[in-house]
Amino acid sequence: MKYLLVVALFLGAVALAQGPDANTLVIAQSRSTSTLDPAAISDAATFNITRGLVFASLVEIDADGKVTPSLAESYSVSETGTEVSFKLHEGLQCHDGEPLTAEDVVYSIKRAADPANAFTGNIVNFVFPNIGYVDARVDSELELTVVMSRYNPAAVAFMADILVHCKDAYEKMSLDQAANNPIGSGPYRVVEYVRGDRVVLEKVADYPLERGQGGWQRLVWRTIPEASTQAAELIAGNVDIVAGVVSDHVAAINNSGTATVKPVMGTRRISIWFSFNEKMAQSSPGAAAIQSVEVRRAIQYAIDVPSICANLLGVECERMTTLVNPPNDNPNLKPYPYDPELAEKMLDEAGYPRGADGVRFTLSLQSPNGLFANDVNLALTVAQYLEDVGIPTAVEVMETASVFTPLLQSHEAGPLFINSIGGGTWSPIRDMGLYASYKANNNYNDWNNPEWFDLYEKMLAERDPEARQAIVNDMLVIFYNDPPWILLYFLPSFYGVSDRIDWTPRRDDRIDPFTVHLVVN
Amino acid sequence: MFKSLLRAKWPLFAFVVLIVVSVTALIGPRVAPKDPNRQNIVTRLQPPMQPDRTGKVTAYLGTDGLGRDVLSRLLYGARVSVIVGFSAVFIGGLIGTSLGVTAGYFGGRLDSIIMRLADIQLAFPFILLAIMFLVVLKPGIWNLILILGVGQWVTYARIARAQTISQREKEYVEAAKALGARTLAVVFRTVLPNILAPLIVIASFNVSSVILSEASLSFLGLGVPPTVPTWGGMLAESRDQLLAGRWWLAVFPGVAIALTVLSFNLIGDWLRDFLDPRLRGIQ
């Protein structure tokens with residue numbers, strides 16, 4: 001009996017170690033999913049699980065940054081540029097069988113905009129301020145129009161983040177129910193959701209759109225916060241894709257014989273933000289000092305970004321010059337070089353000489369834990385560089401979801417805080433949209449440069465692409481000279497990819513399972 | 001006492017280890033070859049005894065993921081472990097013994113209240129309780145000591161109470177009372193010295209469990225800030241490097257914790273035997 005038990009346990013262990021079957025794709029991300037409410041989603045990890053899978057959008061953005069129709073078969077922009085009209089495909093429906101019409105799309109938009117719901121998702125914080133959302137109306141059963149306060153050349157692309165859901169289903173649900181029991185409109189339905197652990201999706205039979213054709217029968221999105229566990233699961237064959245492999249694991253994965261690391265030059269912007277929050281600025285001498293543009297510029301010279309990339313991340317990288325990803329950036333701007341002596345001289349001239357103890361002023365730097373690969377180590381490294389020029393900096397490590405993110409969203413993080421913001425290459429406006437206005441929710445550090453915000457409106461109004469890029473370049477010079485961030489780098493991403501699949505990662509954080517294929521031996 | 005210690009091999013070994021750890025905690029920061037927080041990402045993850053560009057070995061136990069000297073962090077970490085271990089046990093022992101003696105000597109409703117409080121605290125898993133308090137109070141060395149100390153009082157209270165109940169009816173206590181000694185004097189001068197032996201034994205075991213708890217909480221990121229080197233924190237930081245074969249980051253703090261905890265346990269065993277006349281001399 002005892003031996004039988006041992007054999008059964010062994011067989012059980014072998015069965016567990018066999019990994020996913022040929023119809024199942026398992027993807028691991030470090031960040032936990034806190035909500036599946038389509039209007040409340042704000043992080044890239046949850047967008048990966050939901051956008052284009054559980055919830056379809058009016059349009060999609062492909063890997064090259066091109067806008068392609070999805071639920072909408074066509075769209076048109078009005079002469080004034082303040083109205084975008086969409087025509088939906090026929091025969092669409094939500095996962096509960098409810099027909100999906102223009103009324104549902106308008107409901108999806110208005111539900112997100114309703115102040116009573118107090119959503120803080122990407123749609124409210126990023127899409128609406130950028131497109132200048134005013135209203136949405138139903139024109140016919142399959143036609144709708146989104147009304148905006150101003151022309152924005154990238155408006156339709158921004159609308160790819162509007163996750164469409166059905167009115168009848170969501171009207172019946174409380175916000176809490178909507179966060180946990182999504183009823184989607186995309187090619188996959190949620191069959192299991194264990195917060196902080198996994199989301200399991202299953203293919204919807206007879207999905208009418210082209211995007212729903214082919215693909216995996218079952219998708220398992222696992223939350224694995226720890227980098228070493230992610231790598232171990234990949235090597236053991238229990239996971240097919242790991243997002244955010246740390247450079248220290250690259251050799252172990254490549255030598256495993258079961259998986260390979262695929263690096264990609266990401267578009268995510270890693271930087272340290274200075275807080276301009278009025279209360280924060282009065283909270284300490286250090287917080288007051290960084291209000292000075294001379295101090296902020298001096299600090300740029302104190303940080304050796306290429307060395308951080310080469311040693312901490314294990315890749316060569318060029319320091320970012322502004323918030324905009326190449327090739328939309330200003331090519332005339334050169335990255336701030338590492339020159340600690342110049343930094344010290346500039347700090348002296350700014351009126352902050354070293355005291356008898358060698359200290360100019362002190363700062364604290366808040367860092368999330370596990371928001372992106374090596375975040376805490378990056379904070380500690382930057383703190384060391386600052387200390388070297390006479391600015392001892394205490395690092396406060398914070399739990400990401402429950403402590404850091406709420407602080408960020410209430411604009412109370414600081415005086416320094418690490419931030420990781422997704423980016424794109426399809427338009428400079430995508431990246432500049434963070435600072436659409438002084439009051440924008442995503443202006444987490446309350447940066448207020450009137451010249452920037454004036455030019456922002458002019459830039460949006462400009463119809464000629466070349467003239468618009470000229471304004472963008474001028475704005476980026478402002479950003480460079482009055483830096484609201486310690487400019488660091490665009491995050492190089494390492495994806496761990498199992499040898500049983502064929503997949504090329506995209507630059508923009510997005511993992512699209514429709515582009516992942518099983519290798520046929 | 002020392003003769004007995006010298007005769008026993010393992011307790012002697014433990015005693016030597018604890019002296020080394022205590023001396024390290026005391027003078028470690030002075031003898032540490034480098035600033036434990038000084039980073040140099042260019043020389044990160046160097047294995048032990050690796051010569052630098054000039055051919056000299058400067059990082060005897062290697063460097064960590066940020067190029068900090070592992071030996072220096074280990075020496076500084078001893079201070080945190082020892083301070084936390086002794087302080088928390090002192091706080092727990094003081095609170096627990098006072099409440100236990102009070103409950104045992106006076107009995108009645110006071111006894112019931114103190115013991116029900118102890119039962120309530122025992123109903124919560126300690127680590128869960130510590131995590132809850134540290135999230136509210138924010139991690140830091142003094143909060144850690146306070147929580148670990150408060151978490152230990154029940155053990156002392158129960159033993160002190162049981163011992164006091166067994167002692168309070170004895171003739172020497174009656175004699176003290178008959179001679180007109182005040183209640184406080186009877187409790188602290190007459191009863192307390194006679195119940196200390198088992199409490200000292202428990203305390204020696206307890207130091208090791210507190211050091212382990214500190215290591216566990218630091219491992220979870222709830223101990224002390226990342227800039228304060230602790231053995232538990234060092235272990236936590238080593239997780240991401242184990243897969244890459246950087247064994248020295250886990251082995252050295254791991255061995256330090258294991259040796260210290262083992263030594264306190266061995267000393268506890270020996271003290272128990274030594275302080276109990278029935279077991280004294282039995283090999």
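**View 1. A salt bridge joins A:Glu226 and B:Arg239 across two chains of a predicted model.** The closest N and O atoms of A:Glu226 and B:Arg239 are 2.4 Å apart. A salt bridge here is a side-chain nitrogen of Lys or Arg within 4 Å of a carboxyl oxygen of Asp or Glu. Across the interface of chain A and chain B, the rule finds four salt bridges. A note for all views: in this predicted model, local features need pLDDT of at least 70, side-chain atom pairs count only at pLDDT 80 or more, and totals for chains, interfaces and linings use all residues. Residues are numbered from 1 along each chain as its sequence is written, chains are lettered from A and ligands numbered from 1 in the order in which they are written, and side-chain values use heavy atoms, leaving out hydrogens and water.

**View 2. Here is the interface of chain A and chain B, with its polar contacts.** The rule finds 10 residue pairs in polar contact across it, both residues at pLDDT 80 or more. Such a contact is a pair of N or O atoms within 3.5 Å; within protein, one must be able to donate a hydrogen and the other to accept it, and residues adjacent in sequence count only if both atoms are side-chain atoms. On the side of chain A that touches chain B, helix 15 (375-388) is among the elements that give two or more residues, and helix 15 of chain A gives the most, with six residues. Helices (H or I, at least four residues) and strands (E, at least two) are DSSP runs, numbered from the N terminus. With heavy atoms within 4.5 Å counted as contact, 21 residues come from chain A and 18 residues from chain B. About 1700 Å² is buried between the two chains, and carbon and sulfur atoms give 53% of this area. Buried area is the accessible area (1.4 Å probe) that two parts lose on being put together, summed over both.

**View 3. Two loops of chain A hold cis peptide bonds.** Where is A:Pro327 found? A:Pro327 is in the loop between helix 13 and helix 14 (340-349) of chain A, and the bond to A:Pro327 from A:Pro326 is cis, with omega near 10 degrees. The bond from A:Gly414 to A:Pro415 is also cis, with omega near 5 degrees. A:Pro415 sits in the loop between helix 16 (400-409) and strand 15 (416-421) of chain A. The loop between helix 16 and strand 15 is also the place of A:His411, a residue other than glycine with a positive phi, near 60 degrees.

**View 4. Chain B is built with 10 helices and zero strands.** Along its principal axes, the C-alpha trace of chain B spans about 80 × 50 × 30 Å. B:Leu94 is one residue to look for, in helix 3 of chain B.
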